[in-house]
Amino acid sequence: MPPTVPWAVANYVGPWGTLLRCRVASGATDRVSLWYDANPRPAELLSWGMDTLAPPRRRLRPTHWIAIDCAFTALLLVVYIELKAAPFLRGIPSWAAIAIVVVAVVPAAFRRGRPRTVLVLVVAAGAVASAFSSSPAPPLVAAFVMYLIPLRFPRRDALWLLAGTLLVTAAGLGVFAVTRHGDYGTGTIGKAAGLLLEGGLLITVAWLIGYSVRQQRGQTADRREKAERKAREQLAEARRALSEERLQISRELHDVVAHTLSVIAVQAGVAGYVIETRPEEAARALSSIEQTSRSALHEMRALLDRKSVV
C-alpha cells in the first residue's frame with residue numbers, strides 16, 4: 001500500500017521579495033512541489049518577516065549620493081548668500097570673510113568620504129564665522145554633516161563628536177557675545193544664549209535622526225537575517241521530505257519486483273513439474289503468472305508515475 005503523506009504548505013521569504021511555498025500533498029499523486037509566489041498578500045509578507053512598506057530593492061549608486069550631497073551643499077551656499085553671511089563678518093578683509101564662509105559650507109559636499117574631517121572643518125569655520133559676525137547664521141551645514149556621524153561611527157565616538165561640535169559652537173558664540181562688531185556693538189549674552197540653544201537643538205536633532213535611522217537599519221537587517229535563516233531551515237526540511245518520499249518509492253518498487261519475481265518463479269516451477277501429468281494444473285499456474293505479471297506492471301507504472309512528479 002503506498003504511503004500517505006500529510007498535506008501541508010510551508011512558506012518562507014525568498015530573495016527579491018518573493019514567497020517560496022513548499023507543498024506536500026497526499027492522494028492519488030502524492031508529491032512534494034516547490035513554487036514561487038510572485039504576488040503574495042501583505043498579510044503573508046508580514047507573517048513571514050517582510051516589511052510591506054520597505055523601499056524598493058534598487059539602491060542608488062555612490063555617485064548618485066555624492067551628486068545629491070553636492071546639490072544640497074549648493075543649496076546651503078545659496079541660503080548663506082541670501083543670509084549675507086560674508087558681509088556680516090566684521091573686522092576682517094572681505095576675501096577672508098568669503099574664504100571662511102566657503103570653508104564652512106563647501107566641504108559638506110564630501111561628507112560621505114571623510115565625515116569626521118568634514119565635520120571638523122565646517123564646525124571650526126562656522127565657529128570662526130559666528131565669532132566675527134554681527135548676525136551669526138544658524139549651523140545648518142553642521143547639522144547636515146552631523147546626520148551622517150551616528151550612521152558611520154560607533155555610538156560612543158558619535159556622542160563625543162556631538163559634544164565637541166556643541167562645545168566649539170558655544171565657544172564661537174561666546175566670542176560673539178564679548179566682541180565688538182563695528183557699529184553694531186558687542187553681541188549680548190542673551191542673544192548668544194538664544195543662538196546657542198537654537199543651533200544646539202538643530203545639531204542634536206540631526207544627530208538623533210541619524211541614530212534612529214541606524215537603529216532602524218539594524219532591526220531591518222536582523223529581521224532579514226532571521227527570515228533567511230528560517231527560509232534555509234524550511235527549504236532543508238522540504239528537501240528532506242522530498243528525499244524520504246523518493247526513498248520510500250524506491251523501496252516499494254523493490255518490494256514489488258522482488259515479490260512478483262518470487263511468485264513467478266514458484267508458479268513457473270509448478271507448471272513445469274505438472275505439465276505432463278496434470279495439464280490443467282499447469283494451465284492454472286501459467287494463468288496465475290499472467291495475472292501476477294499484469295498486477296506487478298500496474299503497480300510499477302503507478303510507482304514510476306509518482307516518482308516522476310516528485
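Where is the place of Gln215? These legends walk through close-ups of a predicted model.

**View 1. Gln215 sits in helix H8.** This helix takes in residues 189-274, and Gln215 has its place there. Is Gln215 buried, partly exposed or exposed? With a relative accessible area of 38%, Gln215 is partly exposed, because that value falls between the 20% limit for buried and the 50% limit for exposed. Look for Pro150 too: along the chain it is 65 residues away from Gln215, and the C-alpha atoms of the two are separated by 9.8 Å.

**View 2. Helix H3 has a buried side.** H3 is made of 12 residues, 94-105. At 1.5 Å a residue the helix should span 16 Å, and its end C-alpha atoms are 17 Å apart, so the two values agree. Which residues of H3 are buried? They are Ala96, Ala97, Ile100, Val101, Ala104 and Val105. Around the axis they cover an arc of only 160°, so they lie on the same side of H3. As for what covers these buried residues, the list includes helix H2 (62-82), helix H4 (115-132) and helix H5 (140-146).

View 3. What does the side chain of Thr292 reach at 2.8 Å? It's the backbone oxygen of Ser288. Setting aside neighbours within four places in sequence, Thr292 is also in contact with Thr260 and Val263.

Technical notes: Residues are numbered from 1 along each chain as its sequence is written. This is a predicted model: local features need pLDDT of at least 70, side-chain atom pairs count only at pLDDT 80 or more; totals for chains, interfaces and linings use all residues. Side-chain values use heavy atoms; hydrogens and water are left out. Helices (H or I, at least four residues) and strands (E, at least two) are DSSP runs, numbered from the N terminus. Buried means under 20% relative accessible area, exposed over 50%, partly exposed in between (1.4 Å probe, protein chains only). The expected span of a helix is 1.5 Å times one less than its number of residues. The arc is that of the directions from the helix axis to the C-beta atoms. Contact means heavy atoms within 4.5 Å. A polar contact is a pair of N or O atoms within 3.5 Å; within protein, one must be able to donate a hydrogen and the other to accept it, and residues adjacent in sequence count only if both atoms are side-chain atoms.
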